Amino acid sequence: MAHARIPSLSTKERIILELLASGARYGLQLVDESGGQLKRGTVYVTLGRMEQKGLVESHVEPATPKSDVIPRRMYRPTAYGRRVLGAWTSVARRLALEPGQ
Amino acid sequence: MKDMKGTWLRRFAESAFDRATLERVILPALADLQHEAGTHSSRRQGLTVPRAYIAVWKTLLICMVTRRFRDPDQHQLPTELRSSTLMSIVSDLRYTIRSLKRQPGFAATVAVTLALGLGVNATVLGMVDALVLRPFQFRDYQRLVVVWETQRQTGDRTPVPPATFLDWQKHISSVQQLTAWQGWTPTASWPSEAERLQGARVSQGFFEILGRLPSVGRSFAERDHDHGNNRSVIIGGGLWKRRFAENPTIVGTEILLDGEAYTVVGVASAGFEFPTGAEIWMPLAFGPREQLDRKTKTLTVLGKLNGEQALTEAQTEFDLISRRLEQDHPDTNRDRGALVRTLSTAFRDDGVLGFFGVLQAGAGLVLLVACANLAGLLLARASERQREVAVRSALGASRGRIVRQLITETVVLGVIASGLALIIAQVTLDFMRTSVPPEIARHVEGWNNLRLDGRLRLLIPMLAIGVGLVVGLVPALGATRESLTSTLNDEGAGTASVKRHRMRQFLVVTEIALALGLLVAAGLSIQGGMRLVRQPGGFEPRGLLTFDVSLPENRYRSEHVRREFADSFLAKVSAIGGTDAVALANVVPAAGWSPSVALDIEDRPVPDPARRPVAGFRSVSAGFFSAMEIPVQRGRAFSIFDREDTQPVAIVSASLVDRFWPGVDPIGRRLRLDDSRDWLTIVGVVGDVRMYNWWDGVDAAAVYRPLRQHPPSDVLNGIVRTTADPAAATAAVRHALRSIDPLVPVDNSRTMTRAITDMTFGLSFLASLMAVCGGIALFLSALGIYSMMTYVVSRRTREFGLRIALGASATDVLRLTLKQAATLTAAGVGIGLVLALLLGYLMASALYGVVAMDLWTVAAVAAMLASISLGAAYLPAQRAVRLDPAATLRDR
């Protein structure tokens, strides 16, 4: 019997999806809001990988009047990303044992 | 992409990475960096722009490692970008990574070789940093100084009397704060037992000057230092945990110290044990008499220099004040000066520099062996790549460009090796920190700080890159020097090839010589340690129990009380079943210290005070020599009739007799100790005894006095010889002592054998580390010889094939190959012997005669190294003789 492939979700990816659930953010903002769980040196690589996996999508902010400033890239979760996070959270809840059990 | 101009980081990224990586990963990072740089001061105070740059670099590195490079065929780069230095560096890096991936064995060998050399050095540097350079981790520790009083004539430094300290405190201006402490070893009475604690009486500002205020409760206030009212204490974290289960409401609790109640006002901050090993502190208070006391030297003075005030300026000011005090108080302060030292150097043991000097020399030699090995490997690789270099040169690459490419390779390998080296050093330092017993580690200042700090994390990669540049440069220049035509036509058999071959031979000889030197040094350390532990100490350590008996100073002030206590103790302990003999002394072997006295010999001119002969001083009870089994060679031992009211007598050791009365019977002759006016009559001569202070060497010359005539002040060393296991007698000794005085604790109880092992821990530790260094050097040199011989054999395959085809036997070829290895080994061993003799001499002088040059060690090491070297050459030689001559000739 063929099994559907379960999408993998690393801890960092989960944290990013949770942070993005409340609205689009850019990389540094995610680092700031993660309370030290995300690192500045790796967040962009993780976001790039998540984009490849279809978990997040991004758009570039409108260019600023200063032409030499690179526009920021904003990220938000895709519908698929939301579904994966929802599934992961629900599984995690089911597996978590109540204290004393 | 037109609007993407700006920083060179961006330029680099554009030239190096594919479009997707650039747009999806790197530009978002750069955009955030730009925004941060623009708004940093107003909005984001927690992060700094340099850290943001590091984050972008990290992102770039991750992309490089994950091969997100630009495909050169996909995008046509602007010409100026293609020819830019940046682009060529990126191209070199790409080429290096590809080329190393093709030869993972070579890359791994180079990286591991260098990592071992650097790892050993990082470990030793970590130790030097923690134990020698920064043993005290206090705030502004560079500005902390210790001040002693000195005797101008002799240069001896001593503690400071209270009145002098108060004068210094009043007049000094180059030192911000001046505080003092004196040793204090109170006996605490806990519900079940008494315990001797190590502590200090400290003057006001002690905790403040060190920047370590108590973590619970408060520091000492001015009122705590009032004379007669100083009954408050601060306890250390260890004591708080051990006796009070870290009770947070400890403040206000009363504890009994030396039979008197003291109130706990605070708990010292975690890990604070200053002065070394202290775990309880009380306020130092000076009474009216003490404030005028210029004779009782008990204080160690600690100060903090004003801002940038130099040490020499402080020294000058202390000198001036000392001169003034000398004029004001000529009767007490004549010839007294002051000595200012930084806290880091003030308490350094004499043997420490020699110890670390030997260790650092060993580590340095390992790195040299690794470098020689590395150079050999790179030379072999350069020969193999000669054609490749020639082709690149023919296609228009300049010599500089090719050299840079070759060096990039060693630098990249150096960076990888430095990562491995840091891991090796981290693991080793963590292991050292956690594996040494706490009772030993507690007394080694800085031991608990053994770890890799940020400076080393920076230094080692820089060292690795430096080594990569230096070691990589010679083969790179050599590889590019040979003419293009000769290389392409002649397959590299020209002059340069001969030069390279000679260079390789030189490197192998160097490796063997360095390894031999290092192994001899390791052998001498091991032998020194073993000799110290195993050679006869002049007494029988087996069956002996040793322990400290601490007499509370407020109740055992008079000599009479101390004599009474000693008599009762000897009588009670002698009555314990299974006890053969019992004795008390001021010091016993392996106790960790060795008091000494200056001597005057009767009928000999009194020399200059600075040149008075010095000998060890022991005050021992009757029965000491029989309990220790120290032979009485002439005269008699002390008896119970040697009392305070009988003739003052002494017994001397055989070494002392050899020094002052060679060939003469010393019995009946007289000597005088220190400043005493009493002449002591020598009544006996005993055998020499080792004290096991490895940093002092053998200190056998000693004078013994009867305990009743010279009772020690507060701490006595007890010894009990038992018929059964000596450790089992501890409980009975404690019980006997409790029946005499429950407030007198027995501490540090252990067998004499264990005490000797503990005492020689430093030397055993050095021996182990040197053995590790020697082992690594041996491994690396064997690897070097093996790779060199493999390479030589591979280059001579055709010649061997021809020889075998023309009738040479396998043995002939084997002999030919091994002969070459034997010649190199002999040269290496010859040079190594000179190096070994030099190192042995240095070690012997650094470790004060504990380590001595030993020809057997040298011979054994040379023989071992020669066998390993020949063994490493035998394997490729054997492969050569198995070659099929026809196939070999066809191949070429």
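A cavity here is a set of grid points where a 1.4 Å probe fits but cannot get out, and its volume is the space filled by probe spheres set on those points. Keep that in mind as you click through this predicted model.

**Stop 1: the second largest cavity**

Start in chain B by selecting B:Glu193, B:Ala194, B:Arg734, B:Leu737, B:Arg738, B:Pro742, B:Val744, B:Pro745 and B:Val746, which line the second largest cavity. The space inside comes to about 90 Å³. Now highlight helix H23 (residues 730–740) of chain B: with three residues, H23 supplies the largest share of this lining. Coloured by residue class, the lining shows six nonpolar residues, no polar ones and three charged ones.

**Stop 2: the largest cavity**

Next, select B:Leu378, B:Ala382, B:Arg385, B:Leu406 and B:Pro475; of the eleven residues lining the largest cavity, these lie nearest its centre. The volume of this cavity is about 120 Å³. To see the elements that each give two or more residues to its lining, show helices H13 (350–384), H15 (399–435) and H17 (454–481) of chain B. Which helix gives the most to this lining? That is H17(B), with four residues. By class, the lining of the largest cavity has six nonpolar, two polar and three charged residues.

**Stop 3: two helices in chain A**

Move over to chain A and display helix H1 (residues 11–20) with helix H3 (residues 43–53). Their axes come within 10 Å and cross at roughly 80°, so H1(A) and H3(A) are roughly perpendicular to each other. For the contact itself, show side chains for A:Lys12, A:Glu13, A:Ile16 and A:Leu17 on the H1(A) side, which meet A:Val43, A:Thr46, A:Leu47, A:Arg49, A:Met50 and A:Lys53 of H3(A).

**Stop 4: confidence**

Finally, colour chain B by pLDDT. Its mean is 82, and 88% of its residues reach 70 or more. Where does pLDDT stay under 50? One such stretch is residues 40–47 of chain B, for which the model has 15 contacts beyond four places in sequence. Another is residues 69–83 of chain B, with 24 contacts beyond four places in sequence. For the model as a whole, the scores are ipTM 0.86 and pTM 0.68.

Note on methods:
Residues numbered from 1 in each chain as written. Chains lettered and ligands numbered in written order. Heavy atoms only, no water. 1 Å grid on protein atoms, 1.4 Å probe; cavity = no way out; pocket = protein on both sides within 12 Å on 5 of 7 lines; lining within 4 Å. Nonpolar A, V, L, I, M, F, W, Y, C, P; charged D, E, K, R; others polar. Axes fitted to C-alpha atoms, helices over the stretch in contact; angles between N-to-C directions. Parallel < 35°, antiparallel > 145°, perpendicular 65-115°, else oblique. Contact = heavy atoms within 4.5 Å. pLDDT = per-residue confidence, 0-100.
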